[in-house]
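Please read the points below with the model open beside them.

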Amino acid sequence: MSVQSMMKITPIMSVALVFLFGSCSMGHRESGPQPSAESKPSAGTLEIVKREGRVIVGIGQEAAPYGYRQKGELVGFDVDIARAVAKKLQAYAERPVALEFRAVTDETRIGWVQSGEVHMALCHINITRRRDARIDFTVPYGWDGKGILYRTVDGKRALSWFAGKTVGFKRASSSEGEIQDYFSAQGWELPRLRQFDNHAAGIQALIDGQIDGFTDDSSIVINTAMLAGRKVGPDGELAITDTLYANAQYGIGVSENNSRWRDTLNYCLHDLWESGEFMAIYNKWFGPRSMCPLPLGSNRMEPFVKG
């Protein structure tokens with residue numbers, strides 16, 4: 001079932017696996033090293049990539065369908081995009097470029113870009129103002145929205161039902177602030193938020209009745225539940241609210257004030273879009289035959305004019 005078919009956007013919004021069951025706590029946000037000026041790369045990243053003949057990509061490995069392990073193999077939308085960008089990058093580097101993946105988490109993906117530990121990060125990073133104050137982003141290459149997952153045995157739920165209820169969220173997710181902002185704008189009582197170390201733990205807590213709902217990017221929540229053998233949808237054990245409380249746009253994270261590198265990655269993304277390679281990758285993970293169909297709708301990657 002299409003994610004979009006289970007959701008509708010309210011007028012006031014602009015749009016809007018790792019199965020290791022962890023513990024939950026309260027109040028953490030994205031962390032990671034806060035580099036000094038001396039720790040940042042002294043040369044532009046494109047020049048470093050040209051000199052070394054390799055690009056180091058921070059890649060998430062804990063969130064299907066973006067980056068996760070399937071029978072030991074690293075797979076996902078972000079993984080395929082990173083590989084495709086690395087191939088396109090060779091034309092701009094004017095030499096072969098080896099691709100090196102380094103595993104990052106939601107907590108380290110920003111800090112490792114800042115410190116220069118990785119040249120770029122693809123880890124379903126939603127572009128927000130808070131994050132943009134720390135790193136820069138390419139044009140969006142992915143789009144999603146955020147609803148609340150709930151048990152269908154309790155009946156159909158609207159977002160308003162969760163006012164004052166307990167809602168779980170993934171640590172280091174922008175969902176924490178976004179859901180509070182949305183409920184506040186509606187004049188609703190804020191949900192009681194409970195933090196989990198990973199999506200699987202939060203979904204299990206929902207199934208066990210410990211929380212009333214669980215939220216994050218809907219495609220991640222749905223895929224995580226389905227990979228655990230749970231049916232999601234109107235006829236399933238779990239469902240997502242029809243209404244979204246926030247949208248999501250994913251960008252490749254790069255260090256600040258590094259415009260030549262950011263432009264080059266934008267050109268690579270645009271080349272993938274214009275060649276049709278992007279849509280082939282997108283349909284593999286979000287097309288009609290995928291586990292979690294997510295039509296592009298009006299979302300488009302707008303290439304720069306060549307010349």
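1. The largest pocket is lined by 21 residues, and Thr128, Ser174, Gly177, Glu178 and Asp181 are those nearest its centre. A pocket here is found on a 1 Å grid over the protein atoms alone, as an open set of points where a 1.4 Å probe fits, with protein on both sides within 12 Å along at least five of seven lines; lining residues have an atom within 4 Å of a point. Its volume is about 500 Å³, taken as the space filled by probe spheres set on the points, with grid points joined across faces, edges and corners. Helix H4 (129-132), H5 and E15 each supply at least two residues of this lining. Helices (H or I, at least four residues) and strands (E, at least two) are DSSP runs, numbered from the N terminus.

2. This is a predicted model, in which local features need pLDDT of at least 70 and side-chain atom pairs count only at pLDDT 80 or more, whereas totals for chains, interfaces and linings use all residues. Residues are numbered from 1 along each chain as its sequence is written, and side-chain values use heavy atoms, with hydrogens and water left out.

3. Ser174 sits in the loop between strand E11 (166-170) and helix H5 (175-186). Ser174 counts as buried because its relative accessible area is 15%, the cut-offs being under 20% for buried, over 50% for exposed and partly exposed in between (1.4 Å probe, protein chains only). Its side chain makes polar contacts with the side chains of Lys146 at 2.9 Å and Asn126 at 3.5 Å. A polar contact is a pair of N or O atoms within 3.5 Å; within protein, one must be able to donate a hydrogen and the other to accept it, and residues adjacent in sequence count only if both atoms are side-chain atoms. Neighbours within four places in sequence aside, Ser174 is in contact (heavy atoms within 4.5 Å) with Asn126, Thr128, Arg131 and Lys146.

4. Ala172 is in the loop between E11 and H5. Ala172 has a positive phi of about 70° although it is not a glycine, and it is buried because its relative accessibility is 3%. Glu94, in the loop between H2 and strand E6 (98-104), also has a positive phi, of about 60°. Is Glu94 buried or exposed? Glu94 counts as exposed, because its relative accessibility is 68%. Most residues other than glycine have a negative phi, and most peptide bonds are trans.

5. A cis peptide bond, with omega of about 5°, joins Ala64 and Pro65. Pro65 belongs to the loop between E3 and E4. Strand E3 (62-63) is an edge strand, as is E5, of an open three-stranded sheet in the order E3-E4-E5 with antiparallel pairing. Two strands pair if DSSP finds at least two bridges between them. E3 and strand E4 (residues 67-70) are joined by two bridges, and Glu62 stands opposite Tyr68.

6. Trp285, in helix H9, is buried because its relative accessibility is 13%. Its contacts beyond four places in sequence include Pro65, Tyr68, Val75 and Phe77. The side chains of Trp285 and Asp80 make a polar contact of 2.9 Å. Trp285 and Asp78 are 207 residues apart along the chain, yet their C-alpha atoms are separated by 9.9 Å.

7. The largest nonpolar core has 45 residues, and Phe77, Met120, Tyr141 and Phe278 have the most contacts inside it. H2 gives the most to this core, with nine residues. Such a core is a set of buried Ala, Val, Leu, Ile, Met, Phe, Trp, Tyr and Cys residues joined through side-chain atoms within 4.5 Å. A second, separate core has 16 residues, among them Phe196, Ala201, Ile207 and Val221.

8. In strand E10 (residues 148-151), Ile148 and Tyr150 point one way and Leu149 and Arg151 the other, and all are buried. E10 pairs antiparallel with strand E13 (residues 213-215) over two bridges, where Leu149 stands opposite Phe214. E10 also runs antiparallel to strand E14 (residues 238-240), joined by three bridges, and Leu238 is the bridge partner of Arg151.
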